[in-house]
Amino acid sequence: MAHCFLQVALDTPLNSCFDYRWECQPGEEPAVGQLVLVPFARREVVGLIVAVKGDTLVPLDKLKDAIAVRSQLAPLPERWLALVRFAAEYYQRPLGEVALPGLPKNLRVPKTVALDRALKKLAKEAASHDPTPSGMPVLNPAQQEAASSIGGAQGFTPILLYGVTGSGKTEVYLQACAQVLAREQDAQILILVPEINLTPQLEGNIRARFPGVMLATLHSSLAEGERMLHWLAAHQGRARIVLGTRLAILSSLPNLKLIIIDEEHDPSYKQQEGLRYSARDLAVWRARQLAIPIVLGSATPSLETWHHAASGRYRKLELRERAVRDAVLPTVKLVDMERDRPKDGLTSALIAALRGRLDRGEQSLLFLNRRGYAPVICCDACGWISNCTRCTAFMVLHRPEHRLRCHHCSLELRIPRHCPTCGNVDLQPLGRGTQRIEEGLAAMFPEARILRIDADSTRLKGSAQAAFDTVHRGEVDILVGTQMVAKGHDFKKLTLVGILNPDTALFSQDYRASERLFAQLMQVAGRAGRAGAASEVLVQTRYASHPLYGAVMRHDYDRFAGSLLEERRQAGLPPFMYQALLRAEAPALADAIAFLEAARDSMAFDAVMINDPIPMTMTRVHNVDRAQLLVESSSRPALQAFLREWIEILRGMKSRVRWSLEVDPLDI
Ligand code: ADP
Ligand code: ZN
Ligand code: ZN
């Protein structure tokens, strides 16, 4: 019997490809892209075959036999392999660490019971039979033009769909989908949204419009069984529309013909741990690889995308008006908190506006990006404040839960009855979070139905969806929430948005803070007045003359983005500069810095600037000190060439310091 050698990628750090021997059964050659069970470090693990070879450099006595090839599963396509290879190279990670964790867990276990059961179940399910859409509304001329431009695009066509909030981007996506499904037999479409909470509304829309089309959702809160079924449906080409969060960009889609990224500016598209990839950037790469159109939709595009559109690399389609008849953008007013002093966090102007909405039976939304009751408690007598003992951060007061919580290391304490240093029993909450605003509202408007939506109120599975449903049903008068409520949702009865305390971001060290604040304010303001009723947004601020607020009042993204880009160009910042960030963490800051200094001195490279190490702004988290080192270049290829060499040197450095490298970091 003939044998061959399989090069197998495993989910292990550093070297992630290993050779195994395989006895070929006649007529059953293993193929690149198949999954295979192999022995590794006294365990049995599932890996991915990346090459099938006639010989190997590994000495035969060291070579182990592969245990089983998963031949019941079609190999992952060549183009999918090319995608994960690119991601591994670009983000400087081992191939196995990119390729395998994205697969459903049940595919990566030694037993195949779950896989076999899923395959059987899927074989019984009706495939897509009829892509004809139903109940499509009549599009307005701008929507119509955008939809046919997308639907008719051929070859690699990156398109920015720049449409104000409520301009009906979703309908444009759905029409474009209809055109592609009708034209291309077996076509698959991938739609990405930034948050799980946004999938149910869109999922409902898609199912209603395309009753004959199989839709698969992919996001992290699916149960393992479902995740497996949906992933397989996409992999087999049976699911014609795949709707998911960022992780869906790494799914196998053999007939992918169109990619849509909704709210493309959203930072959630960037993974913040492990493989720190940008799903948006990978999506653009994937579209180029497959020579297909990709739509990036937003009312507040990222500056990267805006820059590409301005320079003509991306096609720009605009929707300047709201889609619903008579719906206009809300009037934005600034409330000067120096003049109108807030009571319980609310100015009299905002209180009056809330009162008016309650009297008319309309909904209001108060947006405050700070959960908990108060960000810190303190002792007036001796100056003690509730610092976290493990982090450079405060313990946040969560009054309903009777806890102090650190939002960074998850340390929890009971609320102290008296000051730990001087014994004073009168400890004061300082500042306001969503819980405290909710409490103040309840006292002020006892008759109102108030609902808070934030990470604390929606811990249980399904509770976020239930909360949003309550709002949509009109059973809430005042909604209080964090950025969870600011994005994407189409609240039809909402006519007032109050924005509390946005000022801190104006003075952040992070150069992206103003871009983010602007986007966030435009997005949350965009929740108001979507169904036609006159609406307003009140921004409570101490800096009423700040130009950023002026731009928000005028809904003037164009000019604001233009001036930010100009600032970035002059300061030599992205998108005019390419960056990578080396992070190091150690129990003592000096060790982290010493590692970074050694890394800095280990290599010099033309056209790449290596900065000095600095402690991170929040230096200590969970008893570990963190520092970082920024490298930058005005040439992406130069930076990539540098990183390829540098990472090998870093891997060879004998150090106990934990480190990680991030390409295109968002937070510096
Ligand atoms: P966006 O994503 O651009 O913020 P949506 O796609 O959520 O906006 O659409 C906003 C509202 O406009 C939705 O309630 C939607 O049903 C409605 N809408 C969209 N297109 C049309 C249309 N052509 N005619 C009437 N209503 C529309
Ligand atoms: Zn004290
Ligand atoms: Zn902590």
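Predicted model: local features only at pLDDT ≥ 70, side-chain atom pairs only at ≥ 80, totals over all residues.
**Ligand 1 and the zinc site**

In ligand 1, an oxygen atom is placed 3.4 Å from an N or O atom in the side chain of Lys-492. The protein covers 80% of the 560 Å² of accessible area that ligand 1 has on its own.

**Surroundings of ligand 1**

- Around ligand 1 there are 17 residues, of which Val-138, Gln-143, Gly-166, Thr-170 and Asp-490 come nearest.
- Asp-490 has a polar side-chain atom 2.5 Å from an oxygen atom of ligand 1.
- For Thr-170, a polar side-chain atom lies 2.7 Å from an oxygen atom of the ligand.
- Helix α5 (residues 169-183) contributes three residues, the largest share of the shell.
- By residue class, the shell around ligand 1 comprises five nonpolar, seven polar and five charged residues.

- The SG atoms of Cys-379, Cys-382, Cys-419 and Cys-422 coordinate the zinc ion (ligand 2) at 2.2 to 2.4 Å.
- The arrangement is tetrahedral because the four donor atoms subtend angles of 104 to 114 degrees around the zinc ion, and all angles must lie between 85 and 135 degrees for that class.
- Along the chain, the donors follow the spacing C-x2-C-x36-C-x2-C.
- Distant parts of the chain are linked by a pair 40 residues apart: Cys-382 lies in the loop between β16 (376-379) and β17 (396-398), and Cys-422 in the loop between β19 (412-414) and β20 (427-430).

**Exposure of the zinc ligands**

- Cys-382 has a relative accessible area of 40% and is therefore partly exposed.
- Cys-422 is likewise partly exposed, at 39% relative accessibility.

Key: Residues numbered from 1 in each chain as written. Chains lettered and ligands numbered in written order. Heavy atoms only, no water. Donors = N, O, S within 2.8 Å, 3.2 Å for Na, K, Ca; no water. Tetrahedral: all angles 85-135°; square planar, octahedral: opposite > 155°, others 65-115°. Helix = DSSP H or I, 4+ residues; strand = E, 2+ residues; numbered from the N terminus. Buried < 20%, exposed > 50% of the residue type's maximum accessible area, 1.4 Å probe, protein only. Near = heavy atom within 4 Å. Polar contact = N/O pair within 3.5 Å; in protein donor to acceptor, adjacent residues only side chain to side chain. Areas by Shrake-Rupley, 256 points an atom, 1.4 Å probe, with all protein chains shown as cover. Nonpolar A, V, L, I, M, F, W, Y, C, P; charged D, E, K, R; others polar.
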